[in-house]
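Morning, everyone. Let me put the structure up, and then we'll walk through it.

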Amino acid sequence: MKLRFKIPLYLLALLSLLLLVSMFTLGYSARCLQPTPTDQQDSLIQAVTYNCYGASEVLNIELIEKPIPAANQVLVKVEAASVNPLDWHYMRGSPYVMRLVSGIGRPKVRAFGSDYAGVVEEVGSDVSDFKAGDAVFGTANGAFAEYLVVNHDRAIAIKPESISFDEAAGVSIAAITALQALRDKGTIAAGNKVLINGASGGVGTYAVQLAKSFGAEVTGVSSARNHQMVFSLGADDMVDYRVENVVDRDTKFDLIVDNVGNFSPSEFQRILADDGTYVLVGATAGDWIMPFKNIIKLQFIKPKAGQTFSNLMAELSQNDLKLLSELMQNGELRTVIDRTYRLDQVPAAIDYSESGRARGKIIINF
Ligand SMILES: NC(=O)c1ccc[n+]([C@@H]2O[C@H](COP(=O)([O-])OP(=O)(O)OC[C@H]3O[C@@H](n4cnc5c(N)ncnc54)[C@H](OP(=O)(O)O)[C@@H]3O)[C@@H](O)[C@H]2O)c1
């Protein structure tokens, strides 16, 4: 074979080998380790931890050392936490590409859980905006534990007095996602016809209420068993996805927020107004390419002049948490609580979230 054919062939073989090795490395899950009991008996707290990827059996209820706040941190005694799909994505290390951040083979961080509400017990020497005794809520690593630490300028805000810890614990990730999808990516305006695909889950129940508070006319999609609940949040119309494909409707929507990903962006384009906006929030499950299917399709869509198609990666913003806190205080935003579990029942709570049937939020009460 001539050299000019051999070189590309060798390069292709090398690239294929590299791809195979990377796929094997990313998909490899190390064996679980037995949690090591600590000698430090005086400052131990209960926490849910994990040290390997897999189903909820990998979760341990462990005694760990109580965290100590750094100079810029706040120590929170957790009263309630909530479950998000993000938690089981971390637990499974799936889609595998996230392991580049969470750890290849096994998780780098053993702490588990993200959304919390609780009471500030201690603050670091540089913290002046929070004090011991403040009731707070937000997102931090290791929310499924009796105590956590969080940087004072990150995802932490004062909880309204009239709102319970359980309700506040549900808010952070799901309501920030709903707010940023509608306001930032969706540029929602009063009078808009808004479609929320996946209106009965964590993100959806907040999105319906927020869209109504912006003065929009809201159509939601869920199975029929959830219609009354979503109507009670203010929805004007509901579609049962088990009997009707919403993308076959005649209505044109100004804004579509897709929390599910079961239709492609081009299918949604059929029911998007000529100057409408589509925001992709949710993804279908899968370890490799499936969760990115619609993001890839977004790159190839041909929007009409005036149409916008985008993908949301929500950012935890303290200002947004403060806004959500005000909306809760004013009675414009509430948490729909589906089921409540104890800390030692976190694996069952995660299994329920993975079933995809949560109606509003799943709460862990301490
Ligand atoms: N992009 C981001 O930054 C970001 C941030 C947060 C979350 N997310 C993603 O957003 C998605 C939603 O999160 P979530 O917390 O709301 O999840 P969730 O609470 O687990 O959602 C469950 C709800 O989805 C509904 N649902 C399931 N299949 C449906 C379908 N085919 N059509 C309409 N509704 C359907 C279910 O209603 P029925 O029981 O009636 O079927 C259920 O009430 C997840 O994929 C999550 O990973 C993305």
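How far apart are the centres of domain 1 and domain 2, taken over C-alpha atoms? They are separated by 27 Å. One caution before I go on: this is a predicted model, so local features need pLDDT of at least 70, side-chain atom pairs count only at pLDDT 80 or more, and totals for chains, interfaces and linings use all residues. Residues are numbered from 1 along each chain as its sequence is written.

Domains, then. Domain 1 covers 44-171 + 335-365, and domain 2 covers 173-311. Those bounds come from an automatic or database domain assignment. Domain 1 puts 15 residues into the contact, and domain 2 puts in 13 residues. Contact means that C-beta atoms, placed from the backbone, lie within 7 Å.

Next, the core. The largest nonpolar core has 97 residues. A nonpolar core here is a set of buried Ala, Val, Leu, Ile, Met, Phe, Trp, Tyr and Cys residues joined through C-beta atoms within 7 Å. Buried means 20 or more other C-beta atoms within 10 Å of the residue's own; exposed means 12 or fewer; partly exposed is in between. V76, Y116, L148, A178, I196, A207 and A211 touch the most other members. Helix α5, residues 172-185, gives the most to this core, with 8 residues. Both domain 1 and domain 2 supply at least three residues each.

Helices and strands are DSSP runs, numbered from the N terminus: H or I for helices, at least four residues, and E for strands, at least two.

Now α5 against helix α6, residues 202-213. Their axes come within 8 Å and cross at roughly 50°. So α5 is oblique to α6. Oblique is what remains after under 35 degrees (roughly parallel), over 145 (roughly antiparallel) and 65 to 115 (roughly perpendicular). Axes are lines fitted to C-alpha atoms, for helices over the stretch in contact, with angles from 0 to 180 degrees between N-to-C directions. Among the α5 residues that meet α6 are A174, A178 and L182. On the α6 side, they include Y206, A207 and A211. Beyond four places in sequence, A211 touches L182, I188, V194, I196, A216 and V218.

Is Y278 buried or exposed? Y278 is buried, because 26 C-beta neighbours lie inside 10 Å. Y278 sits in strand β12, residues 272-280. By contrast, N141 is partly exposed, with 16 other C-beta atoms within 10 Å. N141 lies in the loop between β5 (135-139) and β6 (147-151).

Technical notes
Contact = placed C-beta atoms within 7 Å.
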